[in-house]
Amino acid sequence: MSADPFYITTPIYYVNAPPHSGHAYTTIVADTVARYHRLAGRRVYFLTGTDEHGDKIAQAAARATETPQAYADRISATFRETWQRLGLRFDQFIRTTEVRHTRVVQAILQKIHAAGDIYFGEYGGHYCVGCERFYTEKEMVDGRCPDHQTRLEFVKEQNYFFRMSRYQDWLIRHLQERPDFIRPERYRNEVLGFLREPLEDLCISRPRTRLEWGIPLPFDDRYVTYVWFDALINYVSALDYPDGELFGTFWPVAQHLIGKDILKPHGVYWPTMLRAAGIPTYQHLNVHGYWLVDEAKMSKSRGRTLSPLDLADKYGLDALRYFLLREMVFGLDANFGEVALVQRLNADLANDLGNLLQRTLTMVGRYCDGRIPAPGDPATEGDRTLRGVAQGLAGRVAEAMEVFAFHRALEAIWELLNAGNKYLDEQKPWELAKRDREALARVLGHTCEALRLAGLFLSPFVPATAEKMWAQLGVTGPVAEARLREAGRWGADGPRAMVRGEALFPRVEFSLEDPGPSAASAPTTEASPASSDEITIEEFRRLDLRVARVVEARAVRGSKKLVELKIAAGSEERTVVAGILLDYPPAELVGKQVVIVANLKPSTLMGVESRGMLLAATDPDGRIVLLAPEKPVAPGSKVK
Ligand code: MSP
């Protein structure tokens, strides 16, 4: 029906554990992409769901002393509810235990079997339950799974095989003819790398004597289907393959989104399965990297997970979305850290975005009686520059979104916000208010128009914030229903009244000693030096304050504020992390004497363990000045 459909899928997640922020990332990316294409006027279909068969789930259910079905029902519901609570607007949530899915899996198996691409044979290999796959001797590390580090069992049994080897040459050709079939390019190259070795046939069954929890093979019910052969088919069963209207509309434009852990099943098994079943292949496989916590992949089996709901509760959903989409370069790994999240929140969201809106609307209130002036024709170089940046945004965002480069799309939007801030600083509307009302209206009109467009383009990324922006700017909303073609034009909206609202993002205050930041709900008041929190001299003596000398200093990677210092206090050297990068370039620190709290409990900041804290004064402008002895003393000297 629609001329321009768009279909995006996430992996269907295993129900052996509740969702963590890694799963949330993929689903938020799909939601962002879906929102962007809706905004661009396309008919969008966004699919997510859960993968519920196989050893891994059967074992997790047994541990929980539940039946596999009851267990899958419960965990699948947590995924669905989590995505709903995160405001993710999927069109369908598929479960592989639904009958309509199992029917399609059986129909496709039957078709491939009838065509002669499935045969019966014997197989021996080292099986990993965690990965649901066999490993060869070469792939194992000391007899263990390279991913899960579990000892692998040698299993020999009769099974059914899919003649995947037959499609190796076709797949190589396909990858060569369609260079953007798998993207970014590094993952296309990785798949071409797999294909340099002979492709083995794929074992697609498990004997029921060993595993009951799966879809029976339609041609031999002593076996159930291998979980990957079952799960991948969700992408077409959800569209009612073969005859559904959805299948006809959306399959020709299918794009999958996955993490790099499941590249081989999606880059090799799935296209060859589709080919064997006579189904055209998908259009693009978009592959992202891992979120790391303390240098390792965030995952349940490694015991390092962060709950997306907890983070959204603590910092707000849009701050979480913005951090995930801005911080990770799509395709590469990125570090997940609360400190980095708060820094992005304060610098980009509260400062660049929130302040620009607030200062603009304060002036519209004060000087224009709350009426948003129309931008009118540009009159100065400054007007033209701002309008030019705003008008160039659509193209830059479109280009970045085409290749899933979300950080680039956001950078482009931030260029507009920065241009807006610079424009106000240069045009000084508060001075124009005294002498040139016409120029004043033009400047505020231009800034409001830039903000309206920024809100429009931000809406796929931070939907609630974009709605607030439009509401405060008095634009007839909701943004979620706007279309780029009309609303994306400079000057598309007429004169209107602003609506006073709250600050978009209150700054989050946190100190480096307390790695658990908390939202500052009320403006912070100056603390009175003579407070009632008196301490005794004994309490003060518990502090071990020392003079130390900075031996080395470097910026902490990925942080805007943190510096990692190696310091010598007497005979001992230690690492201290301090939030002073904005005031002290690392090179200037080397050789300086500083005062440290030496007996502070160690804490880890952005993956670096800090043992101790530097003492500094902060002036009312937020400038940090390090404390030092009045004349040089021996490093290690005690401060009393
Ligand atoms: N059930 C299979 C997928 C079948 S699709 C036909 C599966 N499930 S999973 O629960 O393990 O989810 C894996 C996916 O979750 C990854 O591909 C990625 O999208 C997401 N992530 C899980 N941990 C992640 C990180 N630490 N970082 C980035 N993505 C993360 O595999």
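A polar contact is a pair of N or O atoms within 3.5 Å. In this predicted model, a polar side-chain atom of Asp261 is 2.8 Å from an oxygen atom of the ligand. The 2.8 Å at Asp261 is within the 3.5 Å cut-off, so this pair is a polar contact.

Asp51 also uses its side chain: an N or O atom there lies 2.7 Å from a nitrogen atom of the ligand.

## The shell around the ligand

There are 24 residues around the ligand, and those that come nearest are Ile12, Thr26, Asp51, Asp261 and Met298. Sorted by class, the shell holds twelve nonpolar residues, nine polar ones and three charged ones.

Which elements each supply at least two residues of this shell? They are strand E2 (13–14) and the helices H1 (21–39), H7 (227–231) and H8 (234–237). Helix H1 gives the most, with three residues.

## Helix H15

Helix H15 runs over residues 406–427, which is 22 residues. From its first C-alpha to its last, H15 reaches 31 Å, close to the 32 Å expected at 1.5 Å a residue. Lys428 follows H15 and has a positive phi, near 45°.

Technical notes: Residues are numbered from 1 along each chain as its sequence is written. This is a predicted model: local features need pLDDT of at least 70, side-chain atom pairs count only at pLDDT 80 or more; totals for chains, interfaces and linings use all residues. Side-chain values use heavy atoms; hydrogens and water are left out. A residue is near a molecule or strand if one of its heavy atoms lies within 4 Å of it. A polar contact is a pair of N or O atoms within 3.5 Å; within protein, one must be able to donate a hydrogen and the other to accept it, and residues adjacent in sequence count only if both atoms are side-chain atoms. Helices (H or I, at least four residues) and strands (E, at least two) are DSSP runs, numbered from the N terminus. Ala, Val, Leu, Ile, Met, Phe, Trp, Tyr, Cys and Pro count as nonpolar, Asp, Glu, Lys and Arg as charged, and the others, Gly among them, as polar. The expected span of a helix is 1.5 Å times one less than its number of residues.
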